[in-house]
Amino acid sequence: MSGAGSSRRSLGECPEGRRVTYGVDEWFTRYTTTRWTSDQITFIRNKLQQMKLLDEHGWTDIRKLQQKRATEDDTLELIEPIARAVAKIVKRNSHKFPDVKPSTVYESTPHAKPSPAVNSPANISDATSWFLHLESPSDEAVDSDYRQSLRDLSETLVNIRKASKVPFSKFLNDKAALAEFKREDGKDAVLQNERQLLAGAALVMYSDPRRLWINSMTIEKNSTRFWQFNRGHIAVTTAFNLHDNPDHFIRYLLFVGFGTLAELGLDETVTAVWDDVTNTIQHIYKVDEVEYRIDEPLSTDGAYHILSHAPRVYTARKLIKEMIDGERTTRLDNNRVVLKDSWPFIGVPSETDVQTKITNKLKLVDAEKMTNYATEVKQYLMDIQVDWVVESKGILQKTPDPRLRDERDEADKPSDATSHPMAHGSHQKSATRDEVRDFQGPTASTISQEPLKLTGRIHRRIVYNELCETVYEIKDFRTLCQCLIHVVEGLKLFRYAGFVHRDISDGNCLWHPESRQGKIADLEYSKEYANLRGHDPITGTPEFMAVEYQAASYLFLRSRGDDEKSESSITLEDGREMFLFNYYHDLESVMWVHYHYFLTHVLPISDEELKTVGDKFRRLKSLEIELFNTDTSGNASRSFIISVYQVSELRGKIRNLQFHGGITDLAMGLDMNAHLRNAYIHLEDVKRGIRIENAMRWPDEDFQDKPYNEYIDLLNKGIDMLPKVLLTRAVTTNSIDRRIHDAKSKPKTPLPSAPPVLSPTITTAEDIPNPRKRRSNADPERFPKKSRTNEDTS
């Protein structure tokens with residue numbers, strides 16, 4: 001549940017098949033609600049002609065500068081006076097435009113760098129339409145409380161701008177619409193405009209949690225297109241000539257200049273307020289009938305990617321409204337909860353739904369075997385307070401329907417992740433986790449369009465009662481082992497219920513310090529093993545995927561001879577078996593989480609030791625890169641550990657580096673690969689494997705408790721053998737890396753003090769202080785070449 005910081009993939013690239021092109025009229029019909037009549041458009045056009053801004057050949061001043069081959073900034077900044085003229089015409093002719101108030105103002109901004117509300121890269125748009133909150137349209141789509149909160153916030157920001165002499169264009173969250181221009185046309189100009197536009201739209205939607213979508217415009221010489229970016233797809237108009245079709249351009253200026261707040265993409269269930277204590281903008285989220293004030297972000301990097309489920313995870317506190325002495329007051333609840341806001345695909349079950357299904361399945365098992373699994377599994381699941389599909393004015397918030405006219409008569413069918421085209425049958429070597437889960441990773445260098453049935457998304461918010469740490473944030477080796485024991489026990493119960501998780505990672509294996517309990521989170525992509533199909537999409541985090549799953553091939557079927565394999569397995573055109581995920585692949589993901597922890601966490605290093613560990617430390621980092629710098633196709637080093645089952649080389653390297661003191665191989669889990677290999681060999685007996693819908697599947701009874709119990713036993717022994725007098729405290733390798741870098745770049749500056757050293761008398765996990773507050777984000781540099789958004793894309 002963390003991000004990759006500076007290593008995020010380029011925002012200015014877009015996946016194939018997620019762009020839809022419409023005619024201009026169709027685009028306005030789909031993505032706007034205010035209907036401007038042809039008489040109103042004609043009236044404005046005539047007025048512009050009277051003002052000498054428009055003639056029969058087009059926009060007069062722009063055309064003149066184009067003929068002189070003036071710069072794009074000088075030429076297209078003339079759109080600003082046109083937009084202001086349109087606004088003036090509407091304002092002065094209220095009889096023609098009743099009940100219309102401006103919501104934005106257009107400004108040419110080719111050199112203005114806005115200041116985002118959160119830490120994010122800088123981005124400059126050639127032109128911007130800025131929100132005018134003080135003059136919000138008084139329509140029924142915006143209730144009075146929401147409108148008043150905008151006024152209050154705007155007044156505060158205006159005062160801040162005046163006091164600090166910061167121009168209006170310095171606030172990224174004020175952007176209502178974007179524009180990118182090029183003086184010339186051609187493929188290069190189109191490509192550059194699209195990249196810049198996508199980058200700008202991504203930053204606005206990330207910086208402002210209120211955004212449901214953002215509208216934009218591109219112009220290459222005279223070729224003009226309008227855009228909408230939402231979480232489900234990108235909608236763009238066919239190109240038209242700016243001078244030959246002035247009515248289209250006037251209509252767009254009216255839309256972005258006078259559209260309602262809801263029409264322009266502001267979420268009315270999220271309110272921005274000014275915090276006088278921190279001098280920052282804070283947000284209040286509505287969840288069902290309750291409001292929650294955000295305390296701090298836990299994970300928000302996934303929201304950088306437009307075409308994604310854009311998860312934002314925060315700590316939050318409930319707003320309690322009371323009447324005291326006849327006055328209405330509001331106070332914050334003392335208890336902190338975790339709030340997750342995301343956009344899953346329509347039809348994908350919620351975490352609550354999956355928890356309920358697992359529990360109900362285990363109740364059937366309990367009734368048959370006289371066990372208590374349904375009760376036991378609850379300790380390994382997150383405690384959900386509310387699971388709410390976001391509604392605004394009684395309407396569910398969904399991405400707009402992208403279907404074409406001839407598709408509208410088709411019955412709507414709930415979409416699951418199984419509708420994704422990124423199935424193992426078309427396994428892409430370069431795919432990363434973002435491409436696996438939400439179609440946001442680039443497979444083309446432009447915003448390209450391919451035939452694809454687009455899948456809508458729905459807006460969901462979940463409130464969890466427990467504030468947990470990710471595995472990466474665990475501060476000592478003993479607690480790590482305890483957490484992984486609980487995760488393995490939970491996965492064993494998942495198997496009894498017939499469910500696979502399909503996304504085990506260090507961000508989904510959690511630790512609750514207060515109860516000292518390991519948890520399994522993010523169940524949206526969990527599925528019944530019996531319902532898996534060969535065309536299912538890849539799900540999960542590449543760094544922690546099972547080797548077979550990355551290879552889309554059963555490694556131990558091949559050793560049994562081609563004759564046997566051909567009788568019992570289905571092969572694709574390239575010779576690979578039709579592959580199905582299974583229970584053991586979840587267990588292997590836990591092993592990779594375990595390995596990763598020991599390659600990214602070491603014992604504390606003193607300032608004196610820091611001077612001599614540089615070379616050793618680089619070798620440790622190279623081990624991490626060797627095993628975890630991977631995409632969905634995996635790599636040879638990972639495959640070798642499972643298929644050959646030897647880890648002597650890895651064990652020797654770790655021992656020689658001596659970053660883990662007396663911590664044993666058992667605690668590091670270095671022997672688990674042999675147990676998993678034996679489990680795979682036992683399972684992948686083709687005589688037991690059966691074909692179901694062109695895929696290999698083994699019956700549930702062929703999966704044994706043995707590898708789970710072996711892993712639990714290994715972890716328990718590792719805990720017992722952890723050194724009693726040596727430190728069990730862990731620090732991240734990235735923190736050491738930064739200290740080494742600081743020592744080299746500033747040799748005269750005293751080195752930072754070493755992390756707190758625990759007393760050598762500490763001998764039990766209970767003696768080790770456990771932080772009850774998670775960091776705002778896990779270390780963003782753990783995967784230097786991968787995006788870590790906790791999202792599914794293809």
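Leaving aside neighbours within four places in sequence, which residues is Leu 264 in contact with?

## Basis

This is a predicted model, in which local features need pLDDT of at least 70, side-chain atom pairs count only at pLDDT 80 or more, and totals for chains, interfaces and linings use all residues. Residues are numbered from 1 along each chain as its sequence is written, and side-chain values use heavy atoms, without hydrogens and water.

## Leu 264

With those neighbours set aside, Leu 264 is in contact (heavy atoms within 4.5 Å) with Ser 103, Thr 104, Phe 131, Ala 176, Trp 213, Asn 215, Phe 255, Val 256 and Gly 259.

Leu 264 sits in the loop between helix 8 (246-258) and strand 11 (270-275); helices (H or I, at least four residues) and strands (E, at least two) are DSSP runs numbered from the N terminus. Leu 264 counts as buried because its relative accessibility is 0%, buried being under 20% relative accessible area (1.4 Å probe, protein chains only).

## Nonpolar cores

A nonpolar core is a set of buried Ala, Val, Leu, Ile, Met, Phe, Trp, Tyr and Cys residues joined through side-chain atoms within 4.5 Å. The largest has 85 residues, of which Trp 592 and Tyr 711 touch the most other members. Helix 12 (residues 477-497) supplies the largest share, twelve residues. A second, separate core of 49 residues includes Phe 131 and Val 256.

Three strands form an open sheet in the order 20-22-23, with antiparallel pairing (at least two DSSP bridges between two strands). Strand 20 (469-470) and strand 23 (517-520) are the edges. Strand 22 (residues 509-512) and strand 23 share four bridges.

Note on methods. Buried means under 20% relative accessible area, exposed over 50%, partly exposed in between (1.4 Å probe, protein chains only).
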